[in-house]
Amino acid sequence: MDIKLTIDGKEVVVPQGTMLIDACRQAGADIPTFCFDPDLKLAGSCRMCVVQPKGWRNLVASCVTPAQNGMVIETESPDVIEARKVVLELMLARHKLTCHTCEKDGECNLQDYCYRYGVTESRFVGKVHSLFKDDSNPFIERDYDKCVMCTRCVRACDEITGARAINVMDRGHHAKIATSFDGELADSPCVFCGQCIMVCPVGALSSKIAAGKGKPAQNEKVLTTCTYCGTGCTLELNVKNDKVVGVTSNRDPEWSPVNRGALCVKGRFGWDFINSPERLTTPLIKENGEFREASWDEALNLAAQKIKGIKEGYGPDSLAMFSSARITNEENYLAQKLMRAAIGSNNVDHCARL
Amino acid sequence: MTNSINELENDSKCIFLIGTNTTENHPVIGYKIRQNVLKNGAKLIVADPRRIELAELADVYLPFQPGTDVALFNGMMNVIINEGLADREFIENRTEGYEAMAEVVAKYTPEVVAEICGVDAEDIRKAARLYAESEAAAVCYAMGLTQHSTGTDNVKSCCNLALLTGNLGKPGAGVNPLRGQNNVQGACDMGALPVVFTAYQAVTNDEARAKFEKAWGVELSGSNGLTLTKAINKAHEGEIKGMIVIGENPMVSDPDLHHVEEALDRLDFLLVQDIFLTETAKKADIVLPGVSFAEKDGTFTNTERRVQRVRKAISNIGDARQDWEIICDLSTRLGYPMSYNSPEEIFEEIRTLTPSYAGMTYARLEGKGLPWPCPTEDHPGTPILHKEKFNRGLGLFHAIEYIEPAELPDDEYPIILSTGRSLYHYHTGTMTRKATGLHEFMPENVIQIHTALAQAKGIVDGEVVRVSTRRGSIDLKAEVIDGIREDVIFTYFHFAEAAANQLTNSDVLDPVAGIPEYKVSAARIEKI
Amino acid sequence: MAQEYRVLLEYADKINPEKASDYIKVGGYKGLEKARSMNPKDLIEEVKKSGLRGRGGAGFNAGMKWSFVPQYPETKYVVCNLDEGEPGTYKDRIICQKNAQALLEGMAICGYAIGSKQGYIYCRGEYPFVVELLKNAIGNAKESGALGEFDIEVRMGAGAYVCGEETALIESIEGHRGEPRFKPPFPGVEGLWRMPTVVNNVETFACLPYILTNGAEWFAGIGAKSYPGTKVLTLTGDIENATYFEVPTDYLLRDVIYELGGGVKGGKKLKAVQVGGTSGAFIPPQNLDTPIDFDSMSAIGAALGSGAVFVMDETRDIVDIVNRIAKFFEHESCGQCTPCREGTFRCKEIMEKINNGRGSLQDIENLKLLARVMMKASLCGLGQAAPIPITSTLTHFEYEYLRKLV
């Protein structure tokens, strides 16, 4: 059964069970959210998405309120704007305002909404309790002085990864995200998948590996397939000045069909070998047991000469090739073609068995 | 995989994991299995000598003795047949060889199998019932099932189980090998195997060979080549004189490293193409710098046969070159000119010779990629294999007897050493040990040992102990845990300086697949 | 006219509340018997007809609440809210201590009406002795066969005020953090362990046996028309008789204080009275001639709530009291939604500032703004009601604030 309602003066028809937020967005309204995440269970707690149903005493959180027939909704009434501004001011009152050095600068919901509603400072600034968690793990920075308590990290940890490493601890203004007994992640069931970073709407959670190398909002993002296990997760290499400076992920199943943005510790944090100073940058030829740098021509000519020599001396089957489960299909194809067509042997294999 | 990854989260009603520590080795698949169990109440059976993370969620956990997989499968099938849980219709219409299989399986009662595997007979019954009674049951395995001298038998037994219960060709079911490396599926598909061209077209098949000879304009050898493990042995014997190694590290990954090193030392010529100076590259006469995945365009094929794009993000590092360009250059200098403008052009050639990739183009692979077979450009790809019929027509049951692992514990080497991977490292560590975070988090190898065994040996957690097999000894830090069988110890093979493969056995390989028995070596552990 | 009218407490201290047999002697378990002779639908109609409204504070029609429970699921639950966390409220404890069997009978009646075989009593953590009493009472009732197939389990809270909110209470029974759920879905559709659940207050349940025994019309005829029956009130503060009373719901607030309550302690003048617990409005003396029923109290911007009556004499410092209340809410906010988590804390900060003589007019403006948003945008009743003491005192006692400003 369809439901008809009016949103900002526009009539919309939505299927039964549709939440107001989706109906409002269908009507073209831009509804701000912190705790709402289409891939996670609803929380309804940040109260940023409140809207005004005509004739109701209170505002309602549009993310958890089902659309009802005949509702008349205002998404930017004076009451709604007042509530959103106060919510932002309350968040701002305890937020570590270090946007200039924040990894999330440029794609932070708090920043964007403060901009949208012209909230430059908070009228509610008072005592500040630092919740920064000095966690020695090498992957995830936990700066809860930037946390807005949307609990998306808690839900992602449970509902995507299933690690259940973190939850809310303490109450009220003192509530915070913590592992059991407020310990370090390494002593918890955390598997450092970083799904918490992926869903964090602000800069509270970020990658220590990528820190300071480039703000994700400013990086070029190249969608590619992970180089580790055979699951074939899609990830985004973050590029700045022709250098890989981080990994993020795309949650759209049309672009990330296998993992829908979820990654593991290797995929999300194991990318900086790319920039290792130990990378080979020039051909090497061994002479008297020592390597020396060589030109491509020299190395390739010498290699061809050696291979030809063996082939001529002992036949093609005295040569063998180990191709690689790491390189691309195209390269594997050429490798076996080289072995079979150029050298003339079927002695080609790779580490499928190992 | 016969089926696709997301079915394990959404469609499977029962998942049987054997020889896969999924949450560590295929973490994202592990998440999906966990969510299916937690959210949808899917049943979970875990068979593993180690109490892996997912064992905690399992309805039945079978801590069976390494190498007794065939017995376990036969035991489960015995229960299924005797309790009338087999899918008679599926067996009737889609399989053959049932009688011979059933005859063998009849001997493997749960009591007999319990004795062999060291698990409870009742648990075998429970597992069999859960698997057989579920609407759609998937079995997933990884190297824990295959790296045995009976690896091929193990896989066939696994297929028997699926055939017996009709768990093939439908959503949520299937026989699902979880492949360990990003493009191991693709390397196989592309014919980087000694017996086949692309798409598993046998080199011994005249018709196939003729096709490739025509396409490549050259006469091709019709005799099977050597597997990697055999090639190492032949190098050791002096029959292989030269080797080209591209992005592989046998000096860490292959069994019995002492033997591998001797073999490589005896070569006249070793060419290594890699991104780091690996332990193997150090042995080379010439090293050519290739590029990492971040620097290249192309495709990888994942474990569910999905061909996906790899996209170049940055330029080559230093003077390194694209791997495909290096191969072309070398080939040209060997007198067989190869010339392509791009990986896409290579892919276009691949699909003309590879029926299962024939319908794919880079344009079609944009976005979600395509699972093969995809024979034509209007074909949507095939997420589930064997829907209507099997490749050979009818599914074939194999009658398989249990054979003991090649190297069983004895007085001198009384426990079983098994090897595998950690969540925090990958294969020979070439990449992960140079990733700062991963290296910091897990800088060194450990040996996992059960509390009771540790106590008997007077070993405490964190103590450096000596682990020895007939191949050699290494010293490792003990990690004393409860989640492992008392007669099994386990270590990782990522660490060249404490290389597990100094201990493993290169003498015994699976007769068909040539896979080494990494999961069972007779070993000894002692205080230093 | 200032008389108590005892229904629930008629046999207080005359029967042993743990003993079903004592209760049966004075007419107990007749209501359940009658209920079970009825068709569940008719039973719900009968309860609706009695006009019984929730005694926990929200004042929702009990029969109506039950009628929202779908019939088809096999498992449904009856949950009794004995969290009684409102400061100054102890009427549920009194009902249990004087007439526990009536509560059990009421829950069983509800169970029959909605098709549930399992009840839970969620008991305030500070009442371990009541848990003991209830367990004995349940054991005795089960033994006597009076409850039939209906089982009741007692669960204990751990001191969180917010667990008096029905969905937070459900979360707590499930073993989770005591945090309210968003509604809908309401517990009647998706409650305890996601199954349909009726949550009612002790007093609501305890009314049921008498409604069934004496008929809906009888109950509807007692007290105020729109909120019939009796109400157990608890008097605290500057009052001579700081104790409990059961009165018909059309009883005047003035009579509660000056007749039953014996007047302000020490013969002092009354400054204010707060009805319904800590989140209740402060009522000035000029509004005392209001009946205590739900709607009459609403009409003067107050709430009957749990029925706590907190009396303050002329010497009391209103701002100081509200400051303490603000502290209470800052402490009891669960921390889930932003307006309440941050708002209760900032309210407390500003109240402290004003109370310490450092506040300005701007602070009062900020307080009003904060209160408005908390009331309109908080997730649950706690955040919505927490500013009421502030707003009601700013309305009636603004001068007390102004004189403390810088």
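These legends accompany close-up views of a predicted model.

**View 1. The contact between chain A and chain B.** Of the two pairs of chains in contact, chains A and B share the most contacts. Chain A contributes 101 residues and chain B contributes 124 residues. On the side of chain A, helix H8 (residues 329-343) supplies the largest share, 14 residues. By class, the chain A side that touches chain B has 57 nonpolar, 26 polar and 18 charged residues. Chains B and C, in contrast, do not touch. The nearest C-alpha atoms of chain B and chain C are 14 Å apart.

View 2. Strands of a sheet pair through backbone hydrogen bonds, either parallel or antiparallel.

**View 3. Two strand pairings within the sheet.** Strand E15 (residues 319-322) of chain A runs parallel to strand E7 (residues 242-246) of chain B. Four bridges join E15 of chain A to E7 of chain B. Ala320(A) has Met243(B) in E7(B) as its bridge partner. Strand E13 (residues 284-287) of chain A pairs with E14(A) in the antiparallel sense, over four bridges. Opposite Glu287(A) stands Glu290(A) in E14(A).

View 4. Helix H7 (residues 296-314) of chain A packs against helix H16 (residues 323-333) of chain B. The angle is about 50°, and the axes are 9 Å apart. H7(A) and H16(B) are therefore oblique to each other. The crossing of H7(A) past H16(B) is right-handed. H7(A) makes the contact through Leu300(A), Asn301(A), Ala303(A) and Ala304(A). H16(B) answers with Asp329(B), Leu330(B) and Arg333(B). The contact of H7(A) with H16(B) comprises four nonpolar, one polar and two charged residues.

**View 5. Domains 2 and 3 of chain C.** The domain assignment of chain C lists domain 1 (20-220), domain 2 (227-308) and domain 3 (318-402). Between domain 2 and domain 3 of chain C, the C-alpha centres lie 23 Å apart. Eight residues from domain 2 of chain C and 11 residues from domain 3 of chain C take part in the contact. The domain 2 side that touches domain 3 in chain C has four nonpolar and four polar residues, with no charged residues.

How values were computed: Residues are numbered from 1 along each chain as its sequence is written. Chains are lettered from A and ligands numbered from 1 in the order in which they are written. This is a predicted model: local features need pLDDT of at least 70, side-chain atom pairs count only at pLDDT 80 or more; totals for chains, interfaces and linings use all residues. Two residues are in contact if their C-beta atoms, placed from the backbone, lie within 7 Å. Ala, Val, Leu, Ile, Met, Phe, Trp, Tyr, Cys and Pro count as nonpolar, Asp, Glu, Lys and Arg as charged, and the others, Gly among them, as polar. Two strands pair if DSSP finds at least two bridges between them. Domain bounds come from an automatic or database domain assignment. Axes are lines fitted to C-alpha atoms, for helices over the stretch in contact, and angles run from 0 to 180 degrees between N-to-C directions. Angles under 35 degrees count as roughly parallel, over 145 as roughly antiparallel, 65 to 115 as roughly perpendicular and the rest as oblique. A crossing is left-handed if the near helix is turned anticlockwise from the far one by less than a right angle, and right-handed if clockwise.
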